[in-house]
Protein chains: 4
Amino acid sequence: MLDFEAALARASSEVALIPRGASEAIAAQCNVELHDVDAIVAASGNAGSLAIPLVKSLTESVAKVSPEAARYVHWGATSQDVIDTAMVLCTRRLLVAIDFELSSIRSTLARLAGVHQNTPVLARTLMQAAQVTSFGLKCAQWLAPIARSQWALRELAPHALCLQLGGAVGTRATLGERGAEVARKMATELKLANPATAWHTGRDRWLRLGSELAILSGSLGKVARDLSLMGQSEIAEVAEGAASGRGGSSAMPHKRNPVGAMIVLAAALRAPHRMAALLSAMPQEHERGLGNWQAELAEWAGLCTSVLSACTAMANTLNSLQCFPERMLRNVAEQRGMVFAEAAAVVIARALGKSQSHALVETAAARAHAEGGQLQSALIDALDADPKRFAAVDRAALDSAFSMAEAARFAGTHVDAVLQELNTEYGLKNSHAF
Amino acid sequence: MLDFEAALARASSEVALIPRGASEAIAAQCNVELHDVDAIVAASGNAGSLAIPLVKSLTESVAKVSPEAARYVHWGATSQDVIDTAMVLCTRRLLVAIDFELSSIRSTLARLAGVHQNTPVLARTLMQAAQVTSFGLKCAQWLAPIARSQWALRELAPHALCLQLGGAVGTRATLGERGAEVARKMATELKLANPATAWHTGRDRWLRLGSELAILSGSLGKVARDLSLMGQSEIAEVAEGAASGRGGSSAMPHKRNPVGAMIVLAAALRAPHRMAALLSAMPQEHERGLGNWQAELAEWAGLCTSVLSACTAMANTLNSLQCFPERMLRNVAEQRGMVFAEAAAVVIARALGKSQSHALVETAAARAHAEGGQLQSALIDALDADPKRFAAVDRAALDSAFSMAEAARFAGTHVDAVLQELNTEYGLKNSHAF
Amino acid sequence: MLDFEAALARASSEVALIPRGASEAIAAQCNVELHDVDAIVAASGNAGSLAIPLVKSLTESVAKVSPEAARYVHWGATSQDVIDTAMVLCTRRLLVAIDFELSSIRSTLARLAGVHQNTPVLARTLMQAAQVTSFGLKCAQWLAPIARSQWALRELAPHALCLQLGGAVGTRATLGERGAEVARKMATELKLANPATAWHTGRDRWLRLGSELAILSGSLGKVARDLSLMGQSEIAEVAEGAASGRGGSSAMPHKRNPVGAMIVLAAALRAPHRMAALLSAMPQEHERGLGNWQAELAEWAGLCTSVLSACTAMANTLNSLQCFPERMLRNVAEQRGMVFAEAAAVVIARALGKSQSHALVETAAARAHAEGGQLQSALIDALDADPKRFAAVDRAALDSAFSMAEAARFAGTHVDAVLQELNTEYGLKNSHAF
Amino acid sequence: MLDFEAALARASSEVALIPRGASEAIAAQCNVELHDVDAIVAASGNAGSLAIPLVKSLTESVAKVSPEAARYVHWGATSQDVIDTAMVLCTRRLLVAIDFELSSIRSTLARLAGVHQNTPVLARTLMQAAQVTSFGLKCAQWLAPIARSQWALRELAPHALCLQLGGAVGTRATLGERGAEVARKMATELKLANPATAWHTGRDRWLRLGSELAILSGSLGKVARDLSLMGQSEIAEVAEGAASGRGGSSAMPHKRNPVGAMIVLAAALRAPHRMAALLSAMPQEHERGLGNWQAELAEWAGLCTSVLSACTAMANTLNSLQCFPERMLRNVAEQRGMVFAEAAAVVIARALGKSQSHALVETAAARAHAEGGQLQSALIDALDADPKRFAAVDRAALDSAFSMAEAARFAGTHVDAVLQELNTEYGLKNSHAF
């Protein structure tokens with residue numbers, strides 16, 4: 001907020017709306033060390049906004065040095081101008097921090113996608129074992145939405161990080177004909193976009209940025225959901241590293257609480273409601289709204305801190321993630337070949353047609369299920385029982401249909417496609433977006 | 001859904017995964033007239049998805065013509081593939097309809113912004129009369145967020161309108177090495193984007209489109225909120241036209257229910273919760289989720305119909321909007337000059353400094369308030385009472401500070417800036433986005 | 001809606017506001033068979049409410065029989081009166097259906113809690129194996145919140161199921177001094193509560209009922225979440241029965257999609273947003289609101305259908321639930337005693353104090369973890385290594401600390417407490433609540 | 001949290017689970033002055049919960065006095081036990097504060113309902129002038145939902161304000177057979193309900209309390225919405241008093257920002273999303289959830305502070321509310337009789353039947369509308385134009401149909417009914433609910 005006030009004073013003096021000396025006196029006091037922040041916060045409750053006690057504190061500070069200059073503090077601006085702009089400046093810092101964490105997540109997941117490109121892991125649908133995929137493909141599919149969010153945040157930031165300067169009703173009436181010039185100079189100094197007019201009640205650009213944060217939290221939540229499921233004691237395919245010093249229990253070394261996933265899931269649960277509140281606040285009355293803008297302010301801060309904490313937790317979690325490919329293999333193996341039923345049916349169908357193939361697999365699966373045996377053995381038994389009838393079945397192909405390595409390798413071919421698409425369509429260019 | 005099945009069959013036969021004759025037999029049955037839609041819908045309740053009874057109905061139809069071809073219906077696809085793609089195809093139609101309404105809204109608001117560029121109207125903040133602005137500027141500020149949403153929807157559509165084709169677990173395992181080619185051909189036929197991989201549980205691109213719809217509904221809601229406030233019986237600055245045949249009351253000609261605003265406000269109230277539900281559904285488990293994808297489907301349809309109905313209602317409302325500039329003037333006049341207090345203080349401050357000016361205006365305002373008189377008269381009385389002391393006050397400028405026309409004209413200058421920014425930064429280019 | 005119109009006509013004629021013949025003519029036409037429902041629904045879109053075309057259709061029907069009587073159709077009522085009351089009448093039917101399913105759920109879960117009172121099952125916290133509890137206690141803890149919701153719905157219904165009869169602005173002006181009597185008679189006929197005044201914009205009693213439905217959906221969602229986790233292929237402690245004919249896969253007998261849990265989870269994901277929309281709609285303007293009431297209507301129906309479908313799916317799921325106590329045991333056993341670490345430490349602490357006990361268990365656990373062995377063996381080895389020092393350790397108690405049966409039996413003692421509390425505090429009395 | 005730890009220690013020593021001396025040593029350190037709160041809060045970020053650093057700080061404090069006693073700190077409890085119970089204890093204080101404000105609101109609104117029982121004011125529907133009601137009835141209708149919430153909070157509190165004591169997995173395993181007795185003693189000391197079992201993942205009773213807070217915020221929001229509409233500069237029927245020292249503007253005495261309404265509206269906008277988040281968090285996994293409980297905690301605090309601030313702001317606003325009955329009258333008068341059209345039509349219908357009456361009023365209204373005249377005059381002119389035909393019209397009754405006082409008096413009769421219903425059905429009895 002003090003950065004806004006300093007920039008306003010400087011710009012106003014440059015266009016001769018206020019004396020040069022006044023701007024220097026004001027800017028000199030725009031230093032947070034010179035103000036009693038706790039007192040300003042406390043007073044904001046009764047005042048209904050942070051701006052009123054801050055401007056009062058600043059005016060008093062300036063007045064001690066120059067009573068004349070004190071008359072020009074906040075000249076031409078309204079409370080919402082300084083608060084919105086300060087919120088933009090704070091959000092910019094947040095975006096830098098988020099971008100940093102996203103780069104870390106991106107590189108870790110890309111590395112894991114490569115290392116485990118052909119590592120077999122159960123593919124699960126509707127929370128049931130279904131077929132086999134590769135752990136690398138899972139990582140690539142976790143990565144892609146997060147990478148797109150990083151790209152989108154950089155695209156949106158230059159539109160959303162706007163100066164707010166409208167005066168009482170958005171017309172900059174007090175600044176008169178020099179208003180546009182003041183705004184341009186302020187925007188340059190604060191390195192913000194300079195919109196054609198005030199956005200006191202036109203919040204779409206701001207909400208577009210907020211939406212992307214909410215979407216990012218959902219994409220992170222998807223990763224955390226999967227990690228928490230894969231990290232269950234009975235599944236144990238991954239574990240959060242002890243590096244973070246959290247989640248461990250000295251008495252129960254088997255227990256490694258997934259604290260990183262916990263933080264991300266909590267954020268993913270909360271962020272949608274922040275977003276709904278921001279959207280609900282959009283129909284703001286006339287030139288400045290009653291209650292809705294105030295609600296937006298509070299919700300925005302909540303959204304931002306949730307998402308940043310989720311990014312940090314996810315980056316840390318992935319950095320120290322322990323992956324157990326042998327357990328992944330074992331978990332596939334324990335499904336006794338059932339997850340290859342569809343692949344086997346396809347092979348047999350080539351020889352016998354789809355309906356005979358289906359019946360054969362169905363019978364074999366029922367037998368394997370009842371006896372606790374392997375589907376592959378049950379199928380071979382069935383084929384061997386009538387060699388003449390089933391001569392056309394390609395035994396080598398059938399064998400390969402039951403190969404975990406083969407299924408994972410095939411899944412792994414998609415990893416390259418995903419990474420290439422990210423590079424060509426969502427490659428990061430705008431490194432100075434914020 | 002039938003378009004998907006036909007495209008799948010054709011693409012599969014082109015790459016020789018299925019016989020050419022099969023694809024022709026299947027495509028011939030992909031005609032909604034040949035299926036009992038009510039029965040399919042009814043069966044979907046128990047089946048847990050629309051895809052299962054639809055594929056059954058299609059298979060039966062094909063089997064009547066060619067039992068051989070029936071074996072290849074839906075070959076290589078999973079339920080979510082056909083449902084997601086169908087949802088994309090339906091959404092594309094919706095986007096075309098929304099785009100059409102937005103063009104109408106855009107041109108009406110641009111016209112109103114021009115016609116009323118200098119029409120004085122009360123500027124209101126926190127639901128209180130504050131200063132004077134121009135009705136044209138209000139219209140331009142209503143327009144800008146809506147125009148940006150139209151632009152954004154066209155930008156987002158090519159990323160979001162994607163083919164879904166992943167097979168059971170997103171690896172297209174059944175399609176084997178030809179999977180990528182099948183997808184490419186299907187995407188071309190259906191005129192959809194062809195993503196690098198399945199997006200069964202990676203919903204960010206889809207949600208980005210949904211977010212923009214939700215933001216649009218908020219921007220429309222802001223217009224409706226203002227129209228409903230300006231249309232109150234006691235304010236009567238605008239009225240919804242009777243053209244729509246709605247909202248009127250034959251017995252009470254004074255009563256013109258703002259039915260258009262009602263529809264838009266209802267949508268703006270509901271859409272944020274649709275969005276929150278969509279975001280909440282993002283952390284979907286593993287390769288395909290349990291319950292969250294199903295919830296997303298239902299919520300998506302609700303969001304789409306809400307937003308389209310809001311667009312249509314807003315377009316109709318604006319087309320037949322009645323504006324009453326004389327009443328706008330009268331409403332300003334009834335504030336007895338109080339809304340010019342700040343402007344007057346600025347003029348006087350040039351002569352007397354800010355604090356004396358402030359005291360003078362404050363006293364005059366209190367007097368005018370107590371006596372029910374005009375602020376301007378009270379101020380002139382005060383200045384006249386001590387001509388020597390107040391000689392430096394620029395009387396002509398003071399007079400002009402109380403001019404409604406002057407205030408509106410100044411506000412009106414922002415209209416050009418807004419329209420120009422829209423043209424340069426958010427001009428519509430991508431006419432074939434959908 | 002027709003029930004409302006018939007009751008209104010009868011009550012009005014009984015107090016001589018309208019002729020007796022008119023009420024008979026009107027009531028005779030209040031039969032849905034006599035009206036073109038599709039046409040009424042279609043017309044409601046343009047009219048902005050269902051009431052307008054319905055009243056028109058009813059008036060026309062009556063006019064064919066008695067033009068005189070037609071003048072008294074809907075006399076003294078407003079659109080919101082008939083729609084709100086109809087919504088109340090529909091909701092009552094829904095509550096009856098929900099109450100029926102809840103009784104089923106209640107008895108099934110109470111039975112399971114009894115049967116499995118002492119069945120050991122892993123207790124899991126933060127998605128990690130923690131200790132041992134009993135499956136019966138899990139069932140009792142699933143049951144309690146649902147039973148309380150059934151109780152609460154019966155308590156709330158008589159307050160929420162209210163007649164709406166306020167006329168245009170809630171004063172029943174057209175009915176004059178007989179308004180109260182008309183309302184009393186209508187409430188009696190429709191078996192609804194007769195509130196002191198219209199509740200056009202006072203929705204708290206209605207929302208209280210809605211809240212309970214939303215809470216119920218959350219409690220059902222908790223059960224579904226647990227069932228879906230316990231039913232994972234790798235855990236396999238429960239499975240949804242095939243009785244429902246859903247979720248099975250003929251080719252993959254290992255795969256039993258938890259379709260019931262899916263429906264309940266989807267409802268639990270959606271209902272909170274319905275509730276938020278209903279709450280957001282509460283600040284309705286003046287005597288009847290603009291847009292918010294209309295939004296409430298649509299959201300209410302969505303909430304109701306979600307919750308009923310969740311109740312039905314849960315009742316069916318539980319009725320055919322397959323429980324596998326052997327697998328529950330095996331899953332505990334595979335934790336190699338780690339889940340008894342805390343219990344063991346308590347026993348040893350009695351002899352050695354808390355810190356020595358902790359160190360001993362920690363070392364043994366680390367060894368068991370590293371060697372893939374049992375914690376109990378590692379501990380006994382450690383104690384045996386220095387018999388003198390550890391003589392005071394109660395070996396029988398230590399043995400019992402590692403007993404699955406013992407841990408489950410202890411957990412099972414809570415089942416009785418839960419069931420007793422439900423009976424004494426939340427016993428169902430009000431069997432005619434609806 | 002320290003109250004919980006002290007009560008736990010005392011209860012455990014009374015049942016001889018821990019030595020008496022230990023409980024005294026522990027309880028002596030359960031004093032917030034002895035702990036570094038900032039350090040505990042700071043450490044909670046990394047620990048993932050407030051309980052871990054608090055228990056550590058307490059253990060260290062106790063250890064300085066008695067290393068032996070330190071071993072029994074937090075004995076048998078889990079982090080969620082102490083945090084949930086602390087949240088309950090904080091919420092109880094909040095409920096006391098809310099109850100106090102609600103009593104104030106209740107008495108102020110009851111007083112206003114009495115004073116203005118017969119004060120005419122425009123009744124407005126869909127934001128349009130409709131008929132005439134009394135300001136007292138508006139006040140009574142604002143009051144009723146708030147009074148019901150006060151009643152409901154007192155009813156719910158004894159069910160929701162529960163001790164949490166379950167140990168690691170909700171079975172109180174460490175406390176063994178004495179668990180139930182420990183819980184009973186703790187509940188007595190802390191004056192909380194003692195539920196049959198832990199409610200770690202059974203949150204319905206807690207959510208029921210939260211729902212009522214959310215409903216209350218909606219009911220307060222309805223009042224604030226109406227006050228903000230009635231307080232618009234152009235309507236000016238009420239104003240927030242200056243007593244609060246807020247919302248005024250020295251330079252613009254006409255401007256009285258409705259700061260109280262602003263706070264209440266912001267809370268009413270935000271609370272629904274808190275509630276949705278709490279409901280979304282209900283499906284918590286197994287014995288203790290991952291992320292959802294943590295999200296609930298944060299959202300709960302947000303809901304509570306929102307609602308308390310809304311209650312306080314509303315109580316203050318109503319206490320200093322300025323009402324302007326003359327302006328209410330004038331606003332009715334400016335509608336030129338149109339708002340009596342329905343009443344007039346009813347009178348005329350008695351003589352001429354509904355359709356002739358309707359036509360007559362419609363014509364007169366159109367004329368009055370076109371000429372800017374009074375509906376009453378236009379009607380009388382029409383009747384006078386054909387005295388014979390219209391002889392049966394009761395002129396005195398027609399006159400009375402246009403009486404503001406008469407309409408208000410009739411509306412006012414409902415005030416008594418509302419107040420009486422509140423007394424008989426929602427009278428406050430349970431003064432020691434909290």
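Predicted model: local features only at pLDDT ≥ 70, side-chain atom pairs only at ≥ 80, totals over all residues.
Let's start in a loop: Met127(A) sits between β1 (120-125) and β2 (128-134) of chain A.

- Met127(A) is not a glycine, yet its phi is positive, near 65°.
- Most residues other than glycine have a negative phi.
- Is Met127(A) buried or exposed? With a relative accessibility of 6%, Met127(A) counts as buried, because the cut-off for that label is under 20%.
- In chain D, Met127(D) also has a positive phi, of about 65°, without being a glycine.
- Met127(D) is located in the loop that joins β1 (120-125) to β2 (128-134) of chain D, and its relative accessibility of 5% makes it a buried residue.

**Helices α9 and α10 of chain A**

- Two packed helices are described by the angle between their axes and the distance between the axes.
- For α9 (residues 204-230) and α10 (residues 259-280) of chain A, the angle is about 150° and the axes are 8 Å apart.
- α9(A) is therefore roughly antiparallel to α10(A), since the angle of about 150° is over 145 degrees.
- The crossing of α9(A) and α10(A) is left-handed.
- On the α9(A) side, the contact is made by Leu207(A), Gly210(A), Ser211(A), Ala214(A), Ser217(A), Leu220(A), Gly221(A), Ala224(A), Arg225(A) and Ser228(A).
- On the α10(A) side, the contributors are Ala261(A), Val264(A), Leu265(A), Ala267(A), Ala268(A), Ala271(A), Met275(A), Leu278(A) and Leu279(A).
- By type, the residues of this contact between α9(A) and α10(A) split into 13 nonpolar, five polar and one charged.

**Ser217 in chain D**

- Helix α9 (residues 204-230) of chain D holds Ser217(D).
- Ser217(D) is buried, at 1% relative accessibility.
- Which residues does Ser217(D) contact, leaving aside neighbours within four places in sequence? They are Ala267(D), Ala268(D), Ala271(D) and Val307(D).

**Helices α14 and α15 of chain B**

- α14 (residues 354-371) and α15 (residues 375-384) of chain B pack with their axes 8 Å apart, at an angle of about 125°.
- That angle makes α14(B) and α15(B) oblique to each other, and their crossing is right-handed.
- α14(B) brings Leu360(B), Val361(B), Ala364(B), Ala365(B), Arg367(B) and Ala368(B) to the contact, while α15(B) brings Leu375(B), Ala378(B), Leu379(B), Asp381(B), Ala382(B) and Leu383(B).
- The contact of α14(B) with α15(B) has 10 nonpolar residues, no polar ones and two charged.

**Aromatic pairs and a cluster**

- Over all chains, the structure has 24 aromatic pairs.
- One of them joins Phe340(B) and Phe402(B) edge-to-face, at 5.9 Å centre to centre with 65° between the planes.
- Phe340(B) belongs to the loop between α12 (325-333) and α13 (341-352) of chain B and Phe402(B) to the loop between α16 (395-401) and α17 (404-426), so this pair ties together parts 62 residues apart in sequence.
- Phe340(B) is buried at 6% relative accessible area, and Phe402(B) is buried at 9%.
- In chain C, Phe340(C) and Phe402(C) make an edge-to-face pair too, 5.9 Å centre to centre and 65° between the planes.
- Phe340(C) is in the α12 to α13 loop of chain C and Phe402(C) in the α16 to α17 loop, so parts 62 residues apart in sequence are tied together.
- Phe340(C) counts as buried at 6%, as does Phe402(C) at 9%.
- In chain A, Trp199(A), Trp206(A) and Trp300(A) form one aromatic cluster.

**Ala160 in chain A**

- Ala160(A) lies in helix α7 (residues 135-160) of chain A and is buried, with 2% relative accessibility.
- Beyond neighbours within four places in sequence, Ala160(A) touches Val88(A), Arg205(A), Trp206(A) and Leu209(A).
- Ala160(A) and Arg203(A) are 43 residues apart in sequence, and their C-alpha atoms are 9.3 Å apart in space.

**Helix α2 of chain C**

- In α2 (residues 20-29) of chain C, the buried residues are Ala22(C), Ser23(C), Ala25(C), Ile26(C), Ala27(C) and Gln29(C).
- These buried residues of α2(C) pack against α1 (2-14), α4 (51-65) and α5 (67-70) of chain C.

Terms used:
Residues numbered from 1 in each chain as written. Chains lettered and ligands numbered in written order. Heavy atoms only, no water. Axes fitted to C-alpha atoms, helices over the stretch in contact; angles between N-to-C directions. Helix = DSSP H or I, 4+ residues; strand = E, 2+ residues; numbered from the N terminus. Parallel < 35°, antiparallel > 145°, perpendicular 65-115°, else oblique. Left-handed = near helix turned anticlockwise from the far one by under 90°. Contact = heavy atoms within 4.5 Å. Nonpolar A, V, L, I, M, F, W, Y, C, P; charged D, E, K, R; others polar. Phe/Tyr/Trp six-rings, centres within 6.5 Å; stacked < 30°, edge-to-face > 60°. Buried < 20%, exposed > 50% of the residue type's maximum accessible area, 1.4 Å probe, protein only.
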